[in-house]
Amino acid sequence: MEETKKNQESTTHKIGIYLWIWGLLFVLSFFSYMVDWYQFQGLLRWSLILFFMFLKAGLIMAFFMHLFWERYALVNVLLWPMTAIACFVGLMVAEGKYTLFSRLFYFFIGGQ
Amino acid sequence: MSEDFKDKNIIQAQSSETISGSGSGVSPDMDYVRPAEIPEQDLYHGHSFITKWVFCQDAKVIGVQYFCLATFTGIIGLILSWLMRLQLGFPEAAGFMTAEHYYQFVTMHGMIMVVYFLTALFLGGFGNYLIPLMVGARDMVFPYVNMVSFWMFFVAVGVLLASFFVPGGPTGSGWTLYPPQAILEGTPGSGMGIILMCVSLALFVIGFTMGGLNYLITILQARTRGMTLMRLPLTVWGIFTATVLAMLAFPALLVSAIMMSLDKLLGTSFFMPTILKAGEVLEYGGGSPILFQHLFWFFGHPEVYIVALPAFGIVSDLISVHSRKNIFGYRMMVWAIVGIGALSFFVWAHHMYVSGMNPWFGFFFATTTLIIAVPTAMKVYNWILTLWRGNIRMNTVMLWCLGFIVTFVNGGITGIFLGNVTVDVPLSDTYFVIAHFHMVMGIAPLMVIMGAVYHWFPLVTGRMLSEKLGKWHFWATFLGAYSIYFPMHYLGFIGVPRRYFEMYDSPYMTSAVGMNEFISTAAFLVGAAQFILIFNIVKSLKIGKPAGKNPWKANSLEWLTPSVPPEHGNWGERLPVVHRWAYDYSVPGAKDDFIVQTTPPSEVVHTKVEKT
Amino acid sequence: MHAGIIFFLVILGSVLFHIFTPWYWTDIASNWQSMDDTITLTFWVGGGVFVAVCLFMIYCVFKFSYKEGRKAEYKPEDKKLERILTWATTLGVAALLAPGLIVWNQYVNVPKNAIHIDVMAWQWGWQYRLPGKDGKLGNTKIVNINEDNPFGIILEDPNGKDDILIQSDVIHLKNNRPVKILLRSVDVLHNWYVPQFRAKMDAVPGVITYYWFEPNKIGEYEVLCAEYCGVGHYAMRGGVKVQSKQDYENWLEEQETFSDLIAKQNKIEFNEKKLAKK
Amino acid sequence: MSDPKIEGLELKPGFKGMASDTASDQTMFKGVHWGKAMMWIFLLSDTFVFSCFLISYMKGRASTPVEWPNPSEVFALNAFGVPVPLLLIAIMTFVLITSSGTMALAVKYGYERNRKMCGWLVLATALGGLTFVGMQAFEWSKLIHEGVRPWENPFGAPQFGSYFFMITGFHGTHVSIGVIFLFIYAYKVFAGHYDNGKKGWFTTMKGDYVEIEILGLYWHFVDLVWVFIFAFFYLW
């Protein structure tokens, strides 16, 4: 760990990059707030929300959490498990819709 | 893939640490292993009885603690299974048992065996003991956290057992704890019982997370010099992948436990739709019981592999050592373990084909499930191909391994029945399922545990277990267990549903009374046979044959410690340096039929070693 | 040596047990012969693999038991063999999967002419509702369920008036006519399962689940609950009577419709009021 | 952070580097401190916890036949007599991102062994976190005052309150734990534990500024989760 320390000392990043990311995060948060302010609806709302969300998440992970500078071995270990979550999300979207369908379509009003 | 073994080519630096070769005409550089990246670990050595044996930070002691506590809960699970079988086989003799009792026993038996016995034993017990030794570390990387992990488990077991003594008794909702019935009147233990179960599971998850982080970081970041991932014994690979699964799957269990507790305590309706009970509409509405099932099985299916993968890994090592032959297709074995682990997150709803979920999921999950059959089959082939042209020691350890192969293949094949969505429809929720999962994740891993106990007992205690008693123990367990679960499949074919307190007033089921009596008798005998092991352990601790160093002539690092049993810090003065994989058995041209992992290439330059 | 013999006897015993077992599935009484066929196929393929693997293992035990001085073969890998085995297994698995998926496709797609049956489950019993002449089931709500309205039918819904209510745990089915079982539960999970029909599905509170089958053998069958639903789970039985067309229609004639029930209720109330006046 | 230098091993960049790192002995994550690797794996596990919460919420919301309350009305706040949608949430987001920024700088100054700067920034982060928790408490009490309960609410589907209190509560717990640790670590920085390598209170591990980065990872993760909660709970 001695070595690690030595190496990391010599390679900290310029303060400018942090300030830039910081600023960007504020701007993006403001934009996503504006999505609600102007009451965009439907697909546009969704794509904007998701776009800003992933952009913010990506910036935080890449620069504040230093993933951008980490070696790929670590980055890949962290990102691959997300496929399991993506699969879970996708299937639960389908399942949620199906549950709603089976509550409305048949004779069992609202599942009540 | 092939590059995994060529990392030596990457290293071109010269070093002062080079050991000169012993063979003539050997370049001294061939034994070069690059220096350590990380300074030696600073260990806390206990001084008093308390810090040495109770709140101990030595992974080996923690492993033994885990082993003992898990075995203790396992024995409770065993006794519960006796009571269940008594009711099923000889109901007239079990007059003291009500349906409430029966369902509580079913539930606690299932939960104890899956989580508190098998998971804790494999990962907590074998993981703690073997990982640091096998990767060549002095201890786990965070010994303090490791200690807390065990005591968390201790508390979790305490809470679990406490539920036997609360009003209403432990929960009787089946080990799957499906709401709404788990938290409604009409199910035993729907009050304090289910709450304590949720609390205990949450504690277990927290404790396990602490341990799991240790196992993973130790394997990834604290290997000794020369120990590449592709030189690790398969035991470590199995435990490693299982731990990864546990770290990613237990969150789903934690979340479902939290949500169910809230449903019970605060009256939220996560899993609770509008419910009419005894003529009254309850205060619930709008929730979805199927959501719980998804969350539960998102945990539950990886959980199956959390139990199975360490067993796969350990049995590979045992078979290899005792057939004096390298494990066949090591790389395939590693990739199969990792592949099974990864795929296990995409198959969970095959437990839910008839649960009323979106019917189109059946196509997806049947396909992913049967894909898993391929790497699993490859592992089976490789085990038996390891036996082929080996030099098989027919000792107790090997018998357990062979018993494992028979039971595992049997259970694996019935898994293909249940994974294939159409075949599952008539068989699900019948005794076929019970027989299947007991065979594949009950008996088969148990065979491995027993084999591992006979194999590593000399390392842990310095004494050999009695072979004679061991063989009696094996045959009683194997033949007994097989005759419990093999016929049980046929109960499922008849259509006998699981979780029936009594079942024989239906015309086509009365025919099975005789079989149930037989199964119950076998169950009593198998359970009793386990006391042979306990007797064997007690006896061998006192008068067993001293083991000496490396009694099995194995290659892997755990047998190469300077003292047997290994002391705190494992390696004495110097950490071992690894030069090869753990499976160089019967190498042509070598003096012995094994070449330990620390043997430098220069010493075996005249042999036909193919892989390092 | 002994070990090998005992293992061999175990395998032999398993095969003999399967051949001579008196315990096997009940005679099928629905259209799901294809399910039995996929099971049989899986059984032969799987059983074959099981026996082959075990016999190979036993052979190894006999042939390669420990001899002092003999050396085992040293062969870390055999790429070709591994590849062949992988592909053979993949093919075998695909061959098992394909029929499974085909039959599942039939299972989730209900024929158009199927009679819809509302199967209502509670702790611990069953009752059934058939659509009347209009062929439609009336809408229901759990909160409407009471003694006068055992199915919770919404009174304003015209479809519900002629629904045929069967407040008994025995349902009659017409032979050779597909039925769509629409399952609902008012409290916890249940499962309406008749082993002879092979098919099953959970009844989940809060949603409607379904499955279908076509009974093709006249007779009486027992309904079991196949999803754990509390202490009374094992006792939650029902019945099915598969009848010929004529018998079925005779039986149907005798059943009460929802409007009959309301009328009867009103009459009782009317009489009670009259009595009170007197 | 950036590639470390390791004696006797030439580190390659990119995917080739990943292959050779994975195939090498001793460590897989080259130059990564044990504690940092542990924190990353823990966060991965925690990601699954929050994912399960959010997935349940999504499934619950997608399948409720009752109208889901409109968050931009429910979470509106009166400013100067005008209801401004999501005003408090916007401020909370602002505060949390601010604290994330100070944390990132604290890590930077820590590695530069600038004790004072690092300590003050960690302290600032802790105060930011405290503000966040305070505002969350205010939001909770406001909603409870309006009749929102975990089991019911006046605006629509009862699951709204259940999921809201559970998810923000779980996130808030994470923030609170983070704040406690931030204060402890601020003390440790000022006390110089990381300059002189003092051993931990319970462990034999020597103090090092890498611990600030480990704490930073946790804190950024909390911020990251908030990004998702903000998008899914408040904007959806």
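## A tour of the four chains

Start by selecting helix α5 of chain A, residues 82-104: its 23 residues should span 33 Å at 1.5 Å a residue, and its end C-alpha atoms are 33 Å apart, which agrees. The expected span here is 1.5 Å times one less than the number of residues in the helix. Helices (H or I, at least four residues) and strands (E, at least two) are DSSP runs, numbered from the N terminus.

A word on what you have open: this is a predicted model, in which local features need pLDDT of at least 70 and side-chain atom pairs count only at pLDDT 80 or more, while totals for chains, interfaces and linings use all residues. Residues are numbered from 1 along each chain as its sequence is written, and chains are lettered from A and ligands numbered from 1 in the order in which they are written.

**Stop 1: around α5(A).** Stay on this helix and colour its buried residues, among them Phe88(A), Leu91(A), Met92(A), Tyr98(A) and Arg103(A). Buried means that 20 or more other C-beta atoms lie within 10 Å of a residue's own; 12 or fewer makes it exposed, anything in between partly exposed, with C-beta atoms placed from the backbone. Now show the neighbours: the buried residues of α5(A) pack against α7 (234-265), α8 (289-322) and α10 (361-387) of chain B, together with α2 of chain D.

**Stop 2: chain D.** Of the 236 residues in chain D, 53% are buried.

Next, bring chain A back. Which elements of chain D give two or more residues to the side that touches chain A? The contact takes 52 residues from each of chains D and A, where two residues are in contact if their C-beta atoms, placed from the backbone, lie within 7 Å. The elements to select in chain D are α1 (14-23), α2 (34-62), α4 (87-111) and α7 (210-235). The largest share of this side, 10 residues, comes from α4(D).

Before moving on, display chains C and D together: no contact joins them, and their closest C-alpha atoms lie 10 Å apart. Among the 5 pairs of chains that touch, chains B and C have the most contacts.

**Stop 3: the sheet in chain C.** Show chain C as a cartoon and look for an open sheet of 5 strands with mixed pairing, in the order β4-β10-β9-β6-β7. Two strands pair if DSSP finds at least two bridges between them. At the edges are β4 (170-174) and β7 (202-203) of chain C, each pairing on one side only. Zoom in on β4(C) and β10(C) (residues 237-243), which pair in the parallel sense over 5 bridges. Pick Leu173(C) and you can find its bridge partner, Val242(C), in β10(C).

**Stop 4: loops of chain B.** Select Pro179(B) and Pro180(B), joined by a cis peptide bond with omega about 0°. Pro180(B) lies in the loop between α5 (143-162) and α6 (192-221) of chain B. Another cis peptide bond runs from Val564(B) to Pro565(B), with omega near -10°.

Finish with Arg324(B), in the loop between α8 and α9 (330-343) of chain B. Its phi is near 55°, a positive value in a residue other than glycine. Is Arg324(B) buried or exposed? Arg324(B) is buried, because 21 other C-beta atoms lie within 10 Å.
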